[in-house]
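Colleague: Can you walk me through reading a helix and a cavity? I'd like the general idea, then the case at hand.

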Amino acid sequence: MGLPTETVYGLAADAADPEAIARIYAVKGRPTGHPLIVHGASAEMLDGWAAPTSPAFTTLAAACWPGPLTMLVERGPSVLDAITGGRPTVGVRVPAHPLATAVLEALGRPVVAPSANQFGRVSPTDAAHVVADLGDRLDPERDCVLDGGRAAVGVESTIVDLTVDPPQVLRAGAITVAQIEALLELAVADAAGPSRAAGMLAGHYAPSARVVLADDADAARTIAAAASGRARILDRTDDLVTAAHELYADLRAADADGLDVLVVVLPPAAGLGLALRDRLTKAAAGSATDR
Ligand code: TXA
Ligand code: MG
């Protein structure tokens with residue numbers, strides 16, 4: 001099922017059904033062994049999926065859930081090997097979208113939900129993106145895509161690994177390192193480099209247009225002027241919340257509009273800017289290796 005969340009749309013399957021989990025990998029074209037995040041309607045629904053919880057887990061769950069934070073913890077007895085690729089840890093989160101909550105409550109147990117895009121491609125932030133990307137791989141007899149409008153945040157959840165000391169942010173997102181540090185009252189290793197969660201590759205999130213990064217607007221103009229083919233400059237550095245909200249739609253628009261090159265001005269490397277830089281760096285690497 002294509003399921004709206006506040007970050008991006010997920011491709012959701014009953015977390016207790018091995019056949020449904022196998023279909024997730026098949027539909028996405030995702031190599032097995034890349035672990036999936038377990039989504040619950042509440043922290044209580046994740047009992048048995050996450051191991052008995054630590055103070056850090058309890059603090060972050062109370063402050064950030066429902067919301068765009070995934071916590072990596074030791075897996076509980078309910079977690080199938082197919083979800084974690086056999087790892088001893090599991091990512092868990094409680095999404096903040098009324099349709100996701102309604103589906104989870106109706107099912108009565110968690111779903112696994114990777115982003116609902118073909119493996120390596122741009123993540124979907126509205127239902128039409130899911131249909132465009134995966135529609136012909138879904139089965140009208142048993143699958144559906146729920147339309148919950150445009151995802152409010154626009155980039156995937158922050159992933160914080162609580163199984164290491166100190167905790168480490170593996171993927172930057174809308175919940176920032178500074179927020180996590182303030183809540184836990186300790187220093188947390190951040191995701192200043194490329195995100196490191198298992199299975200994350202240098203070349204994710206890539207459109208077909210070549211993505212080239214620029215440090216500022218002047219550099220972007222120079223690059224665009226020298227580019228061969230149709231080029232566009234994308235500069236949303238004045239409003240990073242909007243930049244995140246529009247990011248994947250902007251990348252998709254580059255392809256829909258037949259651009260050869262999209263020159264993107266990088267936001268500052270702090271707060272939500274870290275999440276944007278992570279996704280953009282990968283989009284640039286992925287589009288460069290495509291050709
Ligand atoms: O915002 C989100 O998190 C979205 C929405 C749909 O909830 N989901 C999402 O899932 O981004 P996905 O599968 O596209 O990305 C999850 C990332 C993957 O890179 C995966 O390798 C990593 O999280 N991950 C999940 N479980 C893990 C584990 N046990 N150990 C290490 N990395 C893990
Ligand atoms: Mg993804």
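Colleague: Which residue just after helix 8 takes a positive phi?

Modeller: Gly-258, with a phi of about 70 degrees. Helices (H or I, at least four residues) and strands (E, at least two) are DSSP runs, numbered from the N terminus. Bear in mind that this is a predicted model, where local features need pLDDT of at least 70, side-chain atom pairs count only at pLDDT 80 or more, and totals for chains, interfaces and linings use all residues. Residues are numbered from 1 along each chain as its sequence is written, and side-chain values use heavy atoms, with hydrogens and water left out.

Colleague: Where is the kink in helix 8 centred?

Modeller: On Glu-246, at about 50 degrees; the bend is the angle between axes fitted to the seven residues ending there and the seven starting there. Glu-246 is also among the buried residues of helix 8 (under 20% relative accessible area, 1.4 Å probe, protein chains only).

Colleague: And how do I read empty space?

Modeller: Rolling a probe the size of a water molecule over the atoms shows where empty space is left. Here, one cavity of 30 Å³ or more turns up, with about 90 Å³ of space in the largest cavity. A cavity is a set of points on a 1 Å grid over the protein atoms alone where a 1.4 Å probe fits but cannot get out; lining residues have an atom within 4 Å of a point. Volume is the space filled by probe spheres set on the points, which are joined across faces, edges and corners.

Colleague: Which element gives the most to the lining?

Modeller: Helix 8, with four residues. Leu-240, Ala-243 and Leu-247 are among the lining residues, and these three are buried too.

How values were computed. Chains lettered and ligands numbered in written order. 1 Å grid on protein atoms, 1.4 Å probe; cavity = no way out; pocket = protein on both sides within 12 Å on 5 of 7 lines; lining within 4 Å. Buried < 20%, exposed > 50% of the residue type's maximum accessible area, 1.4 Å probe, protein only.
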